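The following note sets out numbered comments on the model shown below. Please read each point against the coordinates.

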Amino acid sequence: MKRIISFLLVALMLISSVGFFPEAAKVEAAVASGVKGDIDGDEVVSVKDMLKVRKMISGALELPEEDIHIVDFDEDEDLTAKDIRYMKMYLVGAIESLEDVGDLEDKPIVTIAGNDLQNYVIIFPDEWKDEGWSVDAEDGYYGASGDRPNGGVNPVHYAARSMRVFIGGFCHVGFGANNIKTTSQATNDQYRIELIVDETTYGEDGFNIKVENGNVYIRASSKRGMIYGTTEFMEKYLQGKFFANGSGNYDDAPNAFDIPNGIDDTQKPGFEYRAMVGYSKNIAGDNTGVYAAHNYTSRRKINGYGTTDTSGLNHYTYGYSIGRIGQFNAHSIYAYCNPNPAYNGTNDMFLDNSKAATPCLSSTDPNDPNSTFSKVIASLKADIAAHQGDFDKRLGLNRQLLQISCSMQDHNTVCDCQTCMGKYRTYGCFNAVYFEFLNKVADYFYDIYGDELKIFSILYDRTYPEAFFAASPDNLPRSNMVLCYCSSACNNHTLDGAGCVGKTPSPVTKVESVKPNIEYYENGTGNSIGELERISKFGALSNSLEAQNGEAFDFYVWYYPTNVHFYVCPTPNYFNILKDMRLLADAGVDGIYFESDTADYAFEGMRDFLAAEAMWNPYMSQAEYEELMDKWLEKYCGDGWRYIKKYLLMNEAATDGVGCFVNNYDYPWTMVSKSYYAENYETMKDLFSSAYKFAKKDRQKDFILRARVHCDFLGLSALWSQKNNYGWYWEEYNRMYDYLTSPSNVTYYAKGSSKVSHGYFALGGENKQVGAYGVNPMVWLGLSADY
């Protein structure tokens with residue numbers, strides 16, 4: 001029977017405390033005795049009845065078994081905290097009918113030290129309140145203020161608001177605007193989730209979560225750390241998860257659970273700098289790529305990117321990224337010195353690979369306006385001036401440092417003048433020439449900004465210039481420098497070389513003008529054993545200088561985990577990322593620039609999610625890491641996610657027989673075994689079909705279909721040579737090729753884009769070609785050059 005409560009009194013005080021409800025607050029309804037909720041049989045549903053429910057659940061009061069239906073609101077044949085929750089909602093009118101209880105079954109009942117989460121208030125310091133900003137605003141871009149770059153609200157208010165929205169959705173009802181207050185407004189509130197700004201103890205990114213006396217205290221810096229701390233509380237203790245942009249996912253939370261007193265959880269990041277590239281949304285519009293939405297990126301504890309021109313993380317609301325001012329993320333020296341039409345300023349690339357375009361780094365006369373040094377200094381100063389407003393405000397609001405790019409190009413050509421080559425031969429590597437130049441630039445800006453501005457420089461010549469550093473202390477990298485080592489080693493095995501056999505051929509070129517026995521990179525640079533050794537040398541130098549002087553250069557690694565040339569064959573290294581992050585942390589690396597995908601067609605979003613977790617905590621166990629993988633797969637694949645996990649394991653097994661490869665340079669059949677795919681394609685395909693049958697949501701079905709594409713393409717390609725015996729494979733290959741490259745389906749896979757740039761199914765305008773850079777797939781899959 002549907003029963004509607006008519007209110008005689010305003011009963012909001014009923015939800016303020018579960019421990020005391022005055023008799024005067026009784027809410028009566030003309031209902032027949034014996035129906036659900038009327039425990040004492042006085043023909044009214046009252047506060048007394050609710051107190052009796054509490055006693056029955058605690059065991060202090062018994063009810064005859066035949067009358068259990070009177071109390072069992074959620075009809076699970078047991079008495080739980082849910083029954084109190086439903087009765088409270090019924091009494092105050094949050095639900096009008098007990099039949100509505102069925103709509104609330106997926107929302108957990110959460111208590112903190114036995115106290116209902118709905119009774120808590122989120123409290124943050126008065127000085128961090130942004131007046132005029134709605135707590136229900138979707139993100140931090142509301143309430144712009146002129147004294148902050150790009151406007152925005154402060155990160156503490158934003159963190160409090162984000163938690164309020166999450167808990168409101170988590171608990172379904174009863175957690176609204178009145179549940180968020182400043183310290184002065186919340187003097188009488190008994191149950192508190194308090195955000196405490198501590199700018200000295202935990203650093204920019206660290207935080208502490210403590211539960212004592214039934215209250216929650218989250219202590220962090222006033223910048224990124226508060227967002228990270230509140231997110232961790234929501235994910236780890238409230239058992240939700242931010243798998244994508246939005247208010248959060250809590251599908252897997254228990255029906256009822258308690259957060260106990262005694263929690264004291266301090267966390268600091270494994271790497272100070274954690275950057276990632278990954279732009280895409282999946283087909284359903286979810287932001288599976290970590291960098292797809294900045295509020296999601298901040299929740300995943302990503303604190304860096306490239307330039308401030310492109311990074312939405314460069315925003316007061318998110319505590320700022322550690323980013324580079326100006327238009328360049330890398331490769332800037334060549335751009336500063338070569339105003340050449342071949343230079344494409346939109347993507348950092350100097351497209352003319354000739355030596356004529358290579359500036360001389362021995363040209364350092366500050367009085368010569370045409371010297372390389374003068375040109376670079378002038379360009380850097382112009383870049384700073386163009387961003388001066390943003391620059392000044394950030395220096396005043398953020399202790400961490402800004403950077404500006406002063407980096408060599410990646411086309412592996414160097415100046416071959418007599419002076420440069422003399423230094424090259426003396427010290428055995430181009431880094432000697434490079435470091436001498438960088439130190440002069442760093443010294444120039446140190447005199448102006450000290451350590452508040454860092455010169456960001458990429459190391460494509462990864463050779464450790466031991467002789468150069470040993471020649472004079474003045475040759476050592478300056479404290480206002482960031483050295484970013486671009487690792488290029490075996491991607492089939494971990495960086496310590498475990499599993500590597502022999503040396504991976506170096507993918508880079510030699511300096512042609514130097515004697516043949518002097519290579520641009522050390523012999524065997526592609527070998528992962530040597531790679532980790534070189535990384536460790538730079539890391540040890542940084543740590544040593546910091547120990548001696550209290551300051552040192554920052555040492556980052558640019559980590560390439562994906563094959564940007566062939567998205568149709570994603571690098572099967574999902575299980576190695578945590579191991580590599582741990583090796584890099586042990587090697588003394590300060591930061592990671594994770595070169596993720598610029599498309600999201602299969603498991604790229606999963607890789608980004610896992611990498612973000614691994615960069616924050618590289619010392620989690622492999623079991624914990626794979627549990628995160630499983631949860632992500634379950635979210636995006638549905639109940640059949642285990643079939644997809646099995647495919648990933650088979651995809652990993654397909655690399656076992658191919659040896660070592662470098663994913664930025666190798667081709668699909670040097671990364672995975674053609675024979676393995678030929679032998680196992682039917683099984684692999686069936687795994688996707690089985691997972692599809694269990695998917696309940698359209699988004700999950702779409703994801704499974706897209707994730708299967710590279711399995712189909714590789715499997716059919718592997719079987720193409722058998723077309724004489726199995727003609728249908730050839731027919732299927734042709735059919736699939738036409739299907740995937742038709743404009744309508746490319747649009748489908750790109751979701752609103754006329755073409756997929758830089759990989760996967762790139763049409764390149766008019767040509768109907770699959771793969772990256774207009775490469776016919778028949779060629780790079782080793783099939784036929786004239787298809």
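How many residues does α4 have, and how far does α4 reach from its first C-alpha to its last?

1. Helix α4 has 14 residues and spans 20 Å between its first and last C-alpha, close to the 20 Å expected at 1.5 Å a residue; the expected span is 1.5 Å times one less than the number of residues. Helices (H or I, at least four residues) and strands (E, at least two) are DSSP runs, numbered from the N terminus. Because 13 of the 14 residues of α4 are buried, this helix is largely enclosed by the rest of the structure. Buried denotes under 20% relative accessible area, exposed over 50%, and partly exposed in between (1.4 Å probe, protein chains only). Q239, which follows α4, has a positive phi near 65 degrees.

2. This is a predicted model, in which local features need pLDDT of at least 70 and side-chain atom pairs count only at pLDDT 80 or more, while totals for chains, interfaces and linings use all residues. Residues are numbered from 1 along each chain as its sequence is written, and side-chain values use heavy atoms, with hydrogens and water left out.

3. Axes are lines fitted to C-alpha atoms, for helices over the stretch in contact (heavy atoms within 4.5 Å); angles run from 0 to 180 degrees between N-to-C directions.

4. Strands β6 (residues 207-212) and β7 (residues 215-220) run antiparallel and are joined by 6 bridges; pairing requires at least two bridges found by DSSP. E212 has N215 of β7 as its bridge partner.

5. Strand β1 (residues 109-112) runs parallel to β8, with 4 bridges between them, and I109 is bridged to A256.

6. The protein chain averages a pLDDT of 74, and 67% of the residues score at least 70; pLDDT is the predictor's confidence in each residue, from 0 to 100. Over residues 340-356 the pLDDT is below 50, and this stretch has 38 contacts in the model beyond near neighbours in sequence. Where pLDDT is low, the predicted coordinates should not be read in detail.
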